[in-house]
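Hi there,

I'm passing a structure on to you, and my notes on it follow just below. Please have a look when you get a moment.

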Amino acid sequence: MASSIMTASTTSHSAEPDERREWIRIDDRVLMEYRLVTEAGSSVPVELNRPTPESIAAAVNKPTLDLLARSSEVVVDSAVLPWIRKVDYLLEVMLNALAISQPASVSMAQPTDVNLSGGGIGFVSLREFAADDQLAVKLILPPFTMIRVHVKVIRAVPVSDGQGFTIATEFVDLTPDDQEHLIRHILHVQAQRLRAGRGQPN
């Protein structure tokens, strides 16, 4: 996936530690929704995909699955887990009913393959964007951290198979707190993958 900013391998020795953290990048799969920001400042949906039971289930269940993946056996065996699953089930039922009666009212963040850093995000879109286009993005980091941010498109490169465009962006108004959440998530994922590569438990 295309990078939107400098990567860790291209940093200079004079960079401060906090700056270097922004350049660390990972490929990940997170819940994401994005809209095109118009010249008038409003945002409009980019891909008008009708919500389906499958897309609703994916959006509802991913945070719980992420929580279980990050939790110890104590949480997995906890009496709270059945209640979480029951809430997920009820939410799924309500969203499916709403999608049938008022499909335009259901807008769901969907599991999306992304390339993340503290300074930008890359992803594949069926739509091509122009450089300097702005998008309103909603990210839900595992398990339940929501980040709302505007990004500026740096470039859009056609995917080799012709199915969409790789979009590289940089954050425009990411708050320091949200940037810290994002960097902590990136470092956590990196540490998990290093442990998995060494055969160590998470």
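**Salt bridges and a surface patch**

Lys-152 and Glu-170 pair through their side chains in a salt bridge, with 3.4 Å from N to O; the term stands for a side-chain nitrogen of Lys or Arg within 4 Å of a carboxyl oxygen of Asp or Glu. Because Lys-152 sits in strand β6 (residues 145–158) and Glu-170 in strand β7 (residues 165–171), this pair ties together parts that are 18 residues apart in sequence. Strands (E, at least two residues) and helices (H or I, at least four) are DSSP runs, numbered from the N terminus. Both partners are partly exposed: Lys-152 has a relative accessible area of 26%, and Glu-170 comes to 25%. Here buried is under 20% relative accessible area, exposed is over 50%, and partly exposed is in between (1.4 Å probe, protein chains only).

Before going further, please note that this is a predicted model, where local features need pLDDT of at least 70, side-chain atom pairs count only at pLDDT 80 or more, and totals for chains, interfaces and linings use all residues. Residues are numbered from 1 along each chain as its sequence is written, and side-chain values use heavy atoms, with hydrogens and water left out.

In total, the structure holds five salt bridges. Glu-33 bonds to Lys-138 with the closest N and O atoms 3.3 Å apart. Glu-33 belongs to strand β1 (residues 26–37) and Lys-138 to strand β5 (residues 134–141), so this pair links parts that are 105 residues apart in sequence. Glu-33 also forms a salt bridge with Arg-35, where the closest N and O atoms are 3.6 Å apart. As for accessibility, Glu-33 is buried at 14% and Lys-138 is buried at 15%, whereas Arg-35 is partly exposed at 24%.

There is also a nonpolar patch on the surface, formed by Tyr-89, Leu-90, Leu-91, Val-93 and Met-94, with about 500 Å² of accessible area together. Patches take residues with over 30% relative accessible area and no salt bridge, joining like charges within 9 Å and nonpolar side chains (Val, Leu, Ile, Met, Phe, Trp, Tyr) within 5 Å. The areas come from the Shrake-Rupley method with a 1.4 Å probe, and for residues only the protein chains shown count as cover. Tyr-89 is found in helix α4 (residues 80–101) and is exposed, at 54% relative accessible area.

Best wishes
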